[in-house]
Amino acid sequence: MLEIPTAIGYLRSDISRSRQPWDEIQIRSLARRLGYVLAKTIVFSERTDDPMQRVIDVVRTIDAEAVVIPGLEHFDGYPPSALLAVADVITVSPEQTFSRWVIPPDAPAGMSAR
């Protein structure tokens, strides 16, 4: 039997502001539409200490495959490489997926490298 992949949601309350409930609905909806089980949505503010490490810790703890966010502004414009090392990042608007590298980008090319 196939296991349904797990995702978490993430947003910054200082960016979502009054749209936070709507952003959370959008995260849940997109995760479901893409075939993920949304385990939880993490909400941090600009005052949260080391938010990316906290998100990474949650991803590892629940073995999440993806982090769904309202938009790249919640990551200051681009998904952190440390997060992309452990999970895909999916944005609601515009709908985009930033995938992990299964084979490191600096790995030698060719069949002998596999």
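These legends walk through several close-up views of a predicted model. Local features here need pLDDT of at least 70 and side-chain atom pairs count only at pLDDT 80 or more, while totals for chains, interfaces and linings use all residues. Residues are numbered from 1 along each chain as its sequence is written, and side-chain values use heavy atoms, leaving out hydrogens and water.

**View 1. An open sheet of 5 strands.** The strand order is S2-S1-S3-S4-S5, with mixed pairing. Strands (E, at least two residues) and helices (H or I, at least four) are DSSP runs, numbered from the N terminus, and two strands pair if DSSP finds at least two bridges between them. Strand S2 (37–44) and strand S5 (96–98) are the edges: each has a single partner strand, so one side of each is left without a neighbour in the sheet. On average, neighbouring strands are turned by 25° against each other, direction ignored. Look for strand S1 (residues 6–12), which runs parallel to S2 and is joined to S2 by 7 bridges; here tyrosine 10 stands opposite isoleucine 42.

**View 2. Helix H2 (residues 20–33) across the sheet.** H2 lies across S1, S2, strand S3 (66–69) and strand S4 (88–91), at about 155° to S2. Such angles run from 0 to 180 degrees between N-to-C directions, with axes fitted to C-alpha atoms, for helices over the stretch in contact; contact means heavy atoms within 4.5 Å. Gln20, Asp23, Ile27, Leu30 and Ala31 of H2 are buried. Seen down the helix axis, these buried residues fall within an arc of 100°, so they line one face; the arc is that of the directions from the axis to the C-beta atoms. The face turned away carries the exposed residues Pro21, Arg32 and Arg33. Buried means under 20% relative accessible area, exposed over 50%, and partly exposed in between (1.4 Å probe, protein chains only).

**View 3. Tyrosine 10 meets phenylalanine 44.** A search of the whole structure finds 3 aromatic pairs. In this one, the ring centres are 6.0 Å apart and the planes are at 65°, so the pair is edge-to-face. Rings of Phe, Tyr and Trp (its six-membered ring) pair if their centres lie within 6.5 Å; planes under 30 degrees apart count as stacked, over 60 as edge-to-face and the rest as tilted. Tyrosine 10 counts as buried at 1% relative accessibility, and phenylalanine 44 does at 14%.

**View 4. Tyrosine 78 pairs with phenylalanine 98.** This edge-to-face pair has 5.5 Å centre to centre and 75° between the planes. Tyrosine 78 is in the loop between S3 and helix H4 (81–84), and phenylalanine 98 is in strand S5, 20 residues apart.
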